[in-house]
Amino acid sequence: MKLRGVLLFVVLLIMLAGCNEKGQGTGLTKKDLSIERVGQEKSKVEYGMNRSDVEKVLGTGEKSTLNFFSYESGVRIMYREDKVAGISLEKEAADAYQSPKIKIGMLKEDIKKAYGEENVLLEADKSIDFAYDTMEGSFLTQDSKTKENIEDMENVYLVSVVFDDNGYAERIMLLDQRMAMYMN
């Protein structure tokens with residue numbers, strides 16, 4: 001009887017070890033809103049990172065429009081209060097930077113597989129969007145209620161990809177809903 005109780009306890013522990021915290025594993029996390037230099041895992045830029053730390057990785061950026069700063073190798077960073085609120089990879093970043101799950105040059109079908117075809121928020125011929133509410137722990141659908149509060153918008157993570165005429169990713173944007181809607 002004691003042995004059966006111990007075995008049941010061990011099985012329960014194994015099952016719990018396989019479970020993730022809400023918003024982890026199958027959703028989007030801050031890690032998904034990051035890029036790293038190809039082949040150099042320690043050269044990483046992440047959502048929420050201070051601009052001074054970003055520039056240690058990317059060098060000094062050049063301010064373009066609004067809160068956008070352009071860096072070498074096709075990387076654009078959007079800052080809010082001097083912290084990363086969005087990252088954009090352009091075609092030029094193809095051989096230099098990638099995100100944890102996707103990279104420039106991937107086919108649309110492969111990107112759908114990376115985040116789950118059932119999690120697509122919006123899809124057009126040349127674009128696809130995924131949105132994940134970190135507070136609710138679920139991907140948004142077209143029927144999801146839009147966040148009204150600007151602070152709540154910072155808890156919705158977006159992955160937006162633009163494709164060329166042949167269906168290959170040519171721009172990847174990793175940002176929160178507030179940055180996507182208000183560019184701040």
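Two strands pair if DSSP finds at least two bridges between them. Strands here are DSSP runs of type E with at least two residues, and helices are runs of type H or I with at least four, both numbered from the N terminus.

**The model**

This is a predicted model, in which local features need pLDDT of at least 70, side-chain atom pairs count only at pLDDT 80 or more, and totals for chains, interfaces and linings use all residues. Residues are numbered from 1 along each chain as its sequence is written, and side-chain values use heavy atoms, with hydrogens and water left out.

The protein chain has five helices and twelve strands. Its mean pLDDT (the predictor's confidence in each residue, from 0 to 100) is 86, and 86% of the residues reach 70 or more. Residues 1-25 have a pLDDT below 50. Beyond near neighbours in sequence, that stretch makes ten contacts in the model. A contact means heavy atoms within 4.5 Å.

Of the 184 residues in the protein chain, 39% are buried. Buried means under 20% relative accessible area, exposed means over 50%, and partly exposed lies in between, with a 1.4 Å probe and protein chains only. The accessible surface of the protein chain is about 11,000 Å², and 50% of that belongs to carbon and sulfur atoms. Areas come from the Shrake-Rupley method with a 1.4 Å probe, and for residues only the protein chains shown count as cover. Among contacts between residues at least 6 apart in sequence, 49% join residues at least 24 apart.

**Strand β12 and its partners**

Strand β12 covers residues 169-176. Six of its eight residues are buried. Strand β6 (residues 83-89) runs antiparallel to β12, joined by four bridges. One of the bridge pairs is Gly86 with Leu175 in β12.

Strand β11 (residues 156-163) also pairs with β12, in the antiparallel sense, over seven bridges. Phe163 has Ala169 as its bridge partner in β12. Five residues lie between β11 and β12 in this hairpin. Gly167 in the turn has a positive phi of about 85°.

Phe163 itself sits in strand β11. Its contacts, not counting residues up to four places away in sequence, include Met106, Leu107, Ile111, Ile128 and Ala169. Phe163 and Gly105 are 58 residues apart in sequence, yet their C-alpha atoms are 8.6 Å apart.

**The open sheet**

Three strands form an open sheet in the order β2-β1-β7, with antiparallel pairing.

Strand β1 (residues 34-37) pairs with β7 over two bridges. Arg37 stands opposite Tyr97 in β7. Helix α2 (residues 51-58) lies across β1, β2 and β7, and runs at about 145° to β2. That angle lies between N-to-C directions on a scale from 0 to 180 degrees, and the axes are lines fitted to C-alpha atoms, for helices over the stretch in contact.

Ser34 belongs to strand β1. Its side chain reaches the backbone oxygen of Lys31 at 2.5 Å. Leaving aside neighbours within four places in sequence, Ser34 is in contact with residues including Lys44, Val45, Ile87, Gln98 and Leu174.

Tyr115 is in helix α3 (residues 108-115). Among the residues it touches, not counting those up to four places away in sequence, are Leu28, Ile102, Phe130, Phe139 and Val159. The C-alpha atoms of Tyr115 and Ile102 are separated by 9.2 Å, with the two residues 13 apart along the chain.

Most residues other than glycine have a negative phi. Which phi does Glu81 have? Its phi is near 50°, a positive value. Asp82 also has a positive phi, about 65°, although it is not a glycine. Glu81 is in the loop between β5 (75-80) and β6, and Asp82 is found in the loop between β5 and β6.

The table gives the cover of the residues discussed.

| Residue | Relative accessible area | State |
|---|---|---|
| Ser34 | 1% | buried |
| Glu81 | 72% | exposed |
| Asp82 | 45% | partly exposed |
| Tyr115 | 4% | buried |
| Phe163 | 1% | buried |

Conventions:
A polar contact is a pair of N or O atoms within 3.5 Å; within protein, one must be able to donate a hydrogen and the other to accept it, and residues adjacent in sequence count only if both atoms are side-chain atoms.
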